[in-house]
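Please keep the sequence and the three-dimensional view side by side while reading.

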Amino acid sequence: MHEHDVIVVGAGGAGLRAAIAAQEEGADVAIVSKLHPVRSHTGAAEGGINAALREGDSWQDHAYDTMKGSDYLGDAPAIETLAQDSPEEVIQLEHWGMAFSREEDGRVSQRPFGGLSFPRTTYAGAETGHQLLHTMYEQLVKRGIEVYDEWYVLDLAVSDEPEPEDRSCHGVVGYDIQSGTIEGFRARDGVILATGGLGQVYDHTTNAVANTGDGVAMAYRAGVPIEDMEFIQFHPTTLPSTGVLITEGVRGEGGILYNEEGERFMFEYGYANNDGELASRDVVSRAELTEVNEGRGIEDEYVHLDMRHLGEERIVDRLENIIHLSEDFEGVDPLEEPMPVKPGQHYAMGGIETDENGETCVSGLYAAGECACASVHGSNRLGGNALPELIVFGARAGHHAAGRDMKEAEIPTGKRGDWEAGDVDTPVEPGDVPGTGAGDAVADGGAAASDLDPDELVQRATERTQVRIESLLDNEDGRNHAEIRSEVQESMTQHVNVFREKEGLKQALRDIREAREKYAEVGVADQSRTFNTDLLHTIETRNIIDLAEAITLGALAREEFRGAHWRKEHQERDDENWLKHTLLSWNGGSPELWFKPVILEGEDKRYEPKIRSY
Amino acid sequence: MSTQLPEQVDDESSADEVEPQPEAQERRLQKKRDRAAEQERQRQAEEAEKALDDEDTYHLKVFRYDPEIAGKKEPRFDDFHVPFEKGMTVLDALMYARDTYDSSLTFRHSCRQAICGSDAMFVNGSQRLCCKTQLSDLEEPVRIEPLPHAEVVKDLVVDMEHFYDQMEAVEPYFQTNDLPDGELEEQRQSRENREKVKMSTRCIWCGACMSSCNIAAGDNQYLGPAALNKAYRFTMDEREGEEMKQQRLEILEQEHGVWRCQTQFSCTEVCPKDIPLTEHIQELKREAVKNNLKFW
Amino acid sequence: MSQSYNRGRIEDFGRWREFSAGMWAWVFHKFTGWVLVGYLFTHIAVLSTALQSPEAYTTTIQSLESLLVVRILEVGLLAVAVFHILNGLRLLFVDLGLGLESQDKSFYASLLLTGAIVVASVPTFLAGVFG
Amino acid sequence: MAERYSSFERGGRRWLWQRITAAFLVVVLAFHFFLLHFVHHADEVTFAMSQGRMQELTYFSLMILFLLTATFHGVNGVYNALVNQGISGTRKTAAKLVLGLASVVVIVQGVRTALAWAGGVPI
Ligand SMILES: Cc1cc2nc3c(=O)[nH]c(=O)nc-3n(C[C@H](O)[C@H](O)[C@H](O)COP(=O)(O)OP(=O)(O)OC[C@H]3O[C@@H](n4cnc5c(N)ncnc54)[C@H](O)[C@@H]3O)c2cc1C
Ligand code: HEM
Ligand code: SF4
Ligand code: F3S
Ligand code: FES
């Protein structure tokens with residue numbers, strides 16, 4: 001068993017920042033990550049990091065914009081923390097050498113971004129995330145922080161008191177991908193989950209193949225509530241064959257969307273008569289899908305984004321990297337042909353419920369980054385707000401876990417503040433399939449009896465995981481997970497996409513149920529202990545199923561149209577009934593739905609919900 | 001290992017055992033036979049389909065090796081026929097082959113957009129990122145091997161430890177003695193200087209360059225193009241100051257530093273991020289010489 | 001890194017075909033360099049017959065020069081030297097950071113030029129040996 | 001980790017000299033070839049002719065310099081190649097010694113020959 005003060009799971013922007021922060025506090029910290037740190041998907045972020053750095057800008061403005069962008073579903077304490085801490089964190093990055101783009105006077109550049117009242121998006125060319133990730137990894141090397149890379153975290157070692165609020169987390173169980181050994185990691189002071197996004201729940205996403213939402217699923221099954229899962233952001237212009245993102249800049253420069261008939265549908269079918277292609281992400285995404293659904297899509301799949309009329313000179317000057325992206329990943333030369341594009345999953349606003357210090361309701365368990373939901377983004381994330389979230393809340397979680405004295409959090413976690421029970425009418429029973437013999441492969445929640453001492457608890461969790469792995473490997477001729485995974489992904493893309501209607505959501509739940517049943521027969525054909533990706537993907541598929549279900553349950557429950565969540569039957573934002581967060585707790589194998597109110601009370605003002613219009 | 005289960009059956013031949021088998025095992029075997037039959041049918045169907053439109057499939061020859069699995073201990077090449085779709089990359093084809101034909105086919109990949117650097121492989125004789133390589137640009141059969149000059153872990157996965165060691169040997173982190181005093185005050189950097197280091201900051205640690213370099217292949221201690229480029233990124237950053245530059249050049253000037261480079265250019269040719277590696281290394285050599293001249 | 005993994009005979013054979021211009025240039029430069037040092041040593045050895053007596057020197061040289069093999073070897077030496085010089089120049093430019101984008105073209109140019117010069121000087125080199 | 005490479009050596013000087021000698025050799029070697037193969041035909045070479053040239057101070061010193069640079073360049077090149085090949089420790093020291101010795105022999109022999117031609121340092 002490995003032992004450290006703080007264990008950070010995941011080495012993207014959030015994980016790296018958390019580890020550095022914990023070390024700043026003097027803790028012995030280690031990172032456990034299924035990918036080598038520089039392979040994390042934070043590297044893919046292009047746009048930039050929002051921070052109020054300049055004269056004329058203020059954290060209050062940043063907070064206001066964020067709250068408005070969230071469609072009033074963000075919690076003010078979290079949003080204000082983000083806005084207050086991000087300038088310092090961004091300057092910190094600069095002092096660590098990050099290669100930001102520069103102004104004439106040598107200061108870091110900032111640019112305007114959608115939904116922001118001030119150009120406060122600090123950037124490094126079209127590769128901000130890459131620079132951020134590498135700069136932070138460099139600091140890790142400098143500090144000599146230990147990294148267990150290519151170690152997959154399978155489970156959390158959480159005690160099993162009846163109420164999640166009474167539980168505590170003492171470590172994790174890791175699997176060394178290279179050698180196949182399973183070992184416990186005991187964390188004396190805390191475990192920080194920073195496992196990133198869950199885009200693989202959908203079959204078309206800008207996220208990496210490794211973004212399977214492991215952290216969210218593990219925490220969920222350990223009893224930690226997950227929040228606002230129904231809010232998924234879709235990006236309207238991604239390449240159909242890979243999901244690679246084509247920046248909004250193309251439309252910003254004057255790129256035009258055409259359907260199969262060559263019609264400029266944004267205008268001709270009245271999706272956005274004023275803004276056309278420049279309408280907001282969700283509007284454009286829905287327009288594109290409507291075209292495809294009504295038979296005017298190309299190959300019944302995508303639409304065309306044409307920028308040829310801008311002229312080669314202008315394209316090369318301003319959008320050069322788009323030419324490469326389109327050629328490399330789609331085999332299309334955008335100077336010769338229009339680019340095929342379609343909407344793709346991009347970001348999960350929801351995640352593990354935390355307070356503004358990154359702590360969950362289970363003591364000693366923290367979460368930060370895309371896997372967490374302190375509720376900064378509410379129902380819709382503004383561009384450039386995820387990267388500051390990583391460093392701000394990564395740092396806070398790290399400091400807190402390592403014992404820094406911090407202000408008491410204002411956001412209650414678990415069922416500690418106001419909460420109300422929820423109910424949703426599902427066509428099939430969600431949650432575990434009882435009696436399918438899936439046994440340990442689908443074990444839930446609290447790892448071991450609460451009277452165990454922490455070491456034994458981690459040991460127990462490790463043994464249990466070992467049994468689960470062995471049983472997967474034993475079932476050599478079981479079903480291949482890939483088929484199950486793609487069925488779930490397809491169903492999600494069909495029914496829980498930018499368009500959501502009751503019947504479709506129900507169908508998705510049925511499909512997920514079917515997938516669960518099939519998953520009970522899953523097995524791993526590859527019998528090797530060396531780098532067994534078959535095994536890992538099989539485990540990930542389980543996480544995908546759980547999260548797909550959570551997203552769908554949330555989407556079915558929330559009967560309004562807010563932010564990224566569109567419901568056919570409910571076309572209005574309903575502040576009367578729905579200014580509240582959706583939470584799901586995994587209770588003995590079945591999801592329990594409940595709600596908690598949104599906190600709109602800020603430090604020195606209350607944010608009054610206004611109509612979102614841009 | 002769950003011991004309650006009947007002894008695992010290794011292959012079909014044990015089905016002829018004379019001893020009566022427990023019912024569960026018999027069922028299991030039956031299931032297995034059915035599966036095998038189904039797989040065979042599927043394979044035949046696929047074969048038939050393939051014959052129909054041969055143009056629309058791509059023929060991959062993929063290196064296979066697994067130190068633990070009987071049939072794979074001896075390295076071999078497996079053939080896969082993958083239906084082609086417009087825009088398909090080598091990585092897409094590998095994923096298709098894995099998900100459809102053989103789930104034990106092993107390779108690293110994650111971002112699918114040339115930013116995580118996990119899937120550098122040896123494709124048709126040169127180091128490439130699979131996710132950034134269009135199948136249609138390649139001649140058939142497409143031969144896919146793990147990166148040369150690196151220990152193979154399994155199939156297309158190589159051990160990157162050595163590469164990481166070299167990257168980390170050049171003090172790959174920003175160091176400076178003069179940070180500005182003011183709160184929220186950044187260090188100034190001229191645009192020219194940022195332009196100068198820009199390309200060098202694009203490295204995604206894929207290891208393609210290192211694998212392509214003959215010198216690195218022959219000399220384990222040679223820092224290699226990627227690490228030298230990493231060093232370049234800091235040495236040339238004006239924010240670090242003269243003193244640091246001195247310290248950095250001392251690292252680079254070691255015997256297995258810049259002088260090992262024989263300007264073979266293959267690193268530059270394979271780099272998926274188009275980093276002018278040779279140029280950077282050469283510039284460092286000149287810097288080092290200039291630096292030495294000062295002491296004469 | 002150096003333990004180039006043995007992937008069996010399947011792939012060992014024919015790897016050289018995957019060499020790129022810069023690698024060939026390196027191989028040739030190495031080879032020609034070695035030949036040139038070798039020549040330098042023998043050259044001095046031959047020349048030092050002059051230490052014995054002027055006659056010994058003249059006869060050694062002239063008898064050597066009358067041999068066809070020696071003439072052919074000389075042509076070879078010329079080729080080697082010219083390539084080493086031209087590619088050496090190319091390398092000097094590379095060291096100065098000039099023209100790195102066309103390093104492959106300059107290698108091919110060195111090859112072609114070497115060929116041309118050698119062919120052009122064959123008559124001069126072989127002159128007299130048949131007569 | 002950087003400390004792992006303890007064989008600290010400033011390779012820079014040898015690298016630079018390899019280039020400087022190369023630049024010099026381009027000119028001299030071309031001249032040498034041209035003079036002895038094209039202007040004068042190799043088979044016409046006699047002791048007397050060499051003697052005539054060698055008695056010229058400029059030519060004499062040029063040839064001595066040629067010898068020195070070529071030897072340094074060649075031997076250093078070979079040494080580099082060996083080191084690049086990965087020899088180290090005693091084998092490296094041995095190579096250093098052998099090559100050094102060889103250079104001395106060639107230079108001494110070369111200089112003696114030149115002197116024999118010139119009949120003493122031509123002043
Ligand atoms: C294409 C794209 C562009 C974007 N552009 C922007 C932008 O311009 N501005 C912005 O603010 N945001 C942007 N975002 C969003 C932002 O980049 C992400 O939300 C953010 O990078 C997530 O960081 P993270 O640290 O939470 O997770 P990641 O960087 O995804 O890291 C997750 C880590 O967890 C590890 N991990 C996962 N599961 C396990 C497990 N089971 N065991 C062990 N380790 C595990 C992984 O190895 C990895 O190291 C973009 C996102 C995408 C996809
Ligand atoms: C005439 C012009 C010459 C030029 C421009 C020239 C140029 C060069 C250069 C630049 C190198 C260094 C290559 C590197 O380290 O990357 C080199 C290497 C070498 N040169 Fe020359 N050279 C010339 C003549 C000679 C002569 C006359 C000899 C023989 C005595 C010679 C023998 C060598 C050897 C042995 C090497 C090392 C090859 C290796 O790496 O194995 N060169 N030359
Ligand atoms: S320099 Fe280029 S080839 Fe080398 S590791 Fe970096 S990105 Fe890959
Ligand atoms: S291939 Fe190797 S020799 Fe130098 S130019 Fe690149 S490092
Ligand atoms: S999959 Fe990330 S670089 Fe290819």
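In chain A, Glu353(A) and Lys596(A) bring their side chains together in a salt bridge with an N to O distance of 2.6 Å, a salt bridge being a side-chain nitrogen of Lys or Arg within 4 Å of a carboxyl oxygen of Asp or Glu. This pair links distant parts of the chain, since Glu353(A) belongs to strand 15 (residues 351–353) and Lys596(A) to strand 20 (residues 590–597) of chain A, 243 residues apart. Helices (H or I, at least four residues) and strands (E, at least two) are DSSP runs, numbered from the N terminus. Both Glu353(A) and Lys596(A) are buried, where buried means under 20% relative accessible area, exposed means over 50% and partly exposed lies in between (1.4 Å probe, protein chains only).

The model is predicted, so that local features need pLDDT of at least 70 and side-chain atom pairs count only at pLDDT 80 or more, whereas totals for chains, interfaces and linings use all residues. Residues are numbered from 1 along each chain as its sequence is written, chains are lettered from A and ligands numbered from 1 in the order in which they are written, and side-chain values use heavy atoms, with hydrogens and water left out.

A second salt bridge joins Glu420(A) to Lys580(A), with the closest N and O atoms 3.5 Å apart. It too links distant parts of the chain, with Glu420(A) in strand 18 (residues 420–421) and Lys580(A) in strand 19 (residues 580–587) of chain A, 160 residues apart. Glu420(A) counts as partly exposed because its relative accessible area is 40%, while Lys580(A) counts as buried because its relative accessibility is 12%.

In a further salt bridge, between Arg529(A) and Glu470(A), the closest N and O atoms are 3.0 Å apart. Arg529(A) sits in the loop between helix 13 (502–519) and helix 14 (533–557) of chain A, and Glu470(A) in helix 11 (residues 454–474) of chain A, 59 residues away. Arg529(A) is partly exposed at 28% relative accessibility, and Glu470(A) is buried at 14%.

Salt bridges also form a network that links Asp71(A), Asp228(A), Glu230(A), Arg558(A), Glu560(A), Arg562(A), Arg573(A) and Asp575(A). Over all chains, a search of the whole structure finds 80 salt bridges.

Asp306(A), in strand 13 (residues 303–306) of chain A, is buried because its relative accessible area is 8%.

Val69(C) lies in helix 4 (residues 68–95) of chain C, and Val69(C) counts as exposed because its relative accessibility is 55%.

Turning to the ligands, 13 residues surround ligand 4, the closest being Cys213(B), Cys261(B), Gln262(B), Ser266(B) and Cys267(B). Helix 9 (266–270) and helix 10 (277–293) of chain B are the elements that give two or more residues to this shell. Its residues divide into eight nonpolar, five polar and no charged. Ligand 3 is likewise surrounded by 13 residues, with Cys203(B), Cys206(B), Gly207(B), Cys209(B) and Cys271(B) the closest, and its shell divides into twelve nonpolar, one polar and no charged. A residue is near a molecule if one of its heavy atoms lies within 4 Å of it.

Terms used
Nonpolar A, V, L, I, M, F, W, Y, C, P; charged D, E, K, R; others polar.
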